[in-house]
Amino acid sequence: QMNGKPFFGPGPGREEFLRRLKYFLLTFSGCFLLFSMMYLGFMTVFHPDAYTAATTAQPEEDAYRPEEEDAMTVLFIGASDADTAGVFLVVRFDPAGGRVPVAELPGDMLVDNNGRQESIGEVYRYGGASYTRDCLARQLGIAIDRYVKMQKAAFIEAADAVGTYEYELESDVTVRSGGAQLQMKAGRQLLDGQRTTAILETSGQEMGAGRMAVSIINQRIDIALTTVVDKLFERIINMVDSDIIGPDYHLRKDAAAHLAEQGGEPAYLIPVSGERDGEGFHMSDTAVARLRREFG
């Protein structure tokens, strides 16, 4: 729905649109948006306008070949409540390049907000998601097309609907999961939504959302080609705040299908270097230059 009214009325046109939407929503939103953000810092990717149905892949002779204009960059925000966000991920869907670069930005990263030096967490607190997206775009010198925001409770519910994934813990960590204290050893771990959020909330683990996003995208991208997406959409369709609209999916559906069918591991993490002082995190010129290359 949009503004309380159905996005499309009943009939074959609506059914066809929803069917055609499936690959982009699940691959782009679902794979690294839903799976990435959902599993990461309490965020996901689905918009209320994004409900779709499963579809059948086209014959190889009619296979779509993506173009550069099919690319889209999205800011994912993991919010603990309406005014506080702890996770900021910039993700680029680039089917022509066969890649999904992911950059995690610290919440205390300083940006120039109309002449004032403020952290992106502060900018989000009083400006909201779209304002934060525009401020970051100016600071980094890149185009950020859309935003997606999800709060913690919805993230956990959606993540549990998607399933578990494997993640490499860099060190031992003690978390509270399901009301109990749990000791997790360094190495390969199988994580669900509850354990993912517990790790992210643990001291010293706050910058793990980007690596989690990459793991989930690369491990779960095959879900984009299954019919499980139907019931998944029904459960999480109303969980997020986003300015992604129907045409965004429609115009990229073939490109997303192409990326999903290629297999491999399209997602990778871009390191963000810099220095901290009493004011916050200052991103290095080298890091900014690389982000411009990867997301430009």
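Predicted model: local features only at pLDDT ≥ 70, side-chain atom pairs only at ≥ 80, totals over all residues.
The protein chain contains nine helices and 14 strands. Of its 296 residues, 51% are buried. The exposed surface comes to about 13,100 Å², of which carbon and sulfur atoms supply 45%. Among contacts with a separation of 6 or more, 71% are between residues 24 or more positions apart.

In soluble globular proteins, nonpolar side chains tend to be buried together. The largest nonpolar core in this model has 39 residues, and the members touching the most others are Leu89, Val102, Met150, Met184, Leu191, Ile199 and Met212. Helix α5 (residues 209–220) gives this core its largest share, six residues. Another core, of 28 residues, lies apart from it and includes Ile77, Tyr124, Leu140 and Leu291.

In helix α3 (residues 152–162), the buried residues are Ala154, Phe155, Ile156, Ala158, Ala159 and Val162. Glycine 163 follows α3 and has a positive phi, near 120°. Helix α4 (residues 193–200) is mostly covered, with six of its eight residues buried. These are Gly193, Thr196, Thr197, Ala198, Ile199 and Leu200; Ile199 is also one of the residues that touch the most other members of the largest core. The N-terminal end of α4 is capped by aspartate 192, which has a side-chain oxygen 3.3 Å from the backbone nitrogen of glutamine 194.

Three aromatic pairs are present in the structure. In one of them, the ring centres of phenylalanine 88 and tyrosine 124 are 6.5 Å apart and the planes stand at 75°, so the pair is edge-to-face. This pair links distant parts of the chain, with phenylalanine 88 in strand β2 (residues 85–93) and tyrosine 124 in helix α2 (residues 120–140), 36 residues apart. Both phenylalanine 88 and tyrosine 124 are buried, and Tyr124 is among the members of the 28-residue core. Tyrosine 165 and tyrosine 167 also form an edge-to-face pair, because their planes stand at 65°, with ring centres 6.4 Å apart. Tyrosine 165 is buried, with a relative accessible area of 1%, and tyrosine 167 is likewise buried, at 1%.

The count of salt bridges comes to twelve. Arginine 116 and glutamate 118 meet through their side chains at 3.2 Å, N to O. Arginine 116 is partly exposed at 41% relative accessibility, whereas glutamate 118 is buried at 13%. A salt bridge also joins aspartate 241 and lysine 149 (3.7 Å, N to O). This pair links distant parts of the chain: aspartate 241 lies in strand β11 (residues 241–242) and lysine 149 in strand β6 (residues 146–151), 92 residues apart. Aspartate 241 is partly exposed at 31% relative accessibility, while lysine 149 is buried at 15%. Aspartate 172 pairs with lysine 185, their closest N and O atoms being 3.9 Å apart. Here aspartate 172 is in the loop between β7 (165–169) and β8 (173–177), and lysine 185 is in the loop between β9 (180–184) and β10 (187–191). Aspartate 172 is partly exposed, at 42% relative accessibility.

A network of salt bridges links Asp94, Arg99, Arg290 and Glu294. Glutamate 294 belongs to helix α9 (residues 285–295) and is buried, with a relative accessible area of 13%. Leaving aside residues up to four places away in sequence, glutamate 294 touches Arg92, Arg99, Pro101, Tyr268 and Ile270.

Technical notes:
Residues numbered from 1 in each chain as written. Heavy atoms only, no water. Core = buried A, V, L, I, M, F, W, Y, C linked by side-chain atoms within 4.5 Å. Buried < 20%, exposed > 50% of the residue type's maximum accessible area, 1.4 Å probe, protein only. Helix = DSSP H or I, 4+ residues; strand = E, 2+ residues; numbered from the N terminus. Contact = heavy atoms within 4.5 Å. Areas by Shrake-Rupley, 256 points an atom, 1.4 Å probe, with all protein chains shown as cover. Polar contact = N/O pair within 3.5 Å; in protein donor to acceptor, adjacent residues only side chain to side chain. Phe/Tyr/Trp six-rings, centres within 6.5 Å; stacked < 30°, edge-to-face > 60°. Salt bridge = Lys/Arg side-chain N within 4 Å of Asp/Glu carboxyl O.
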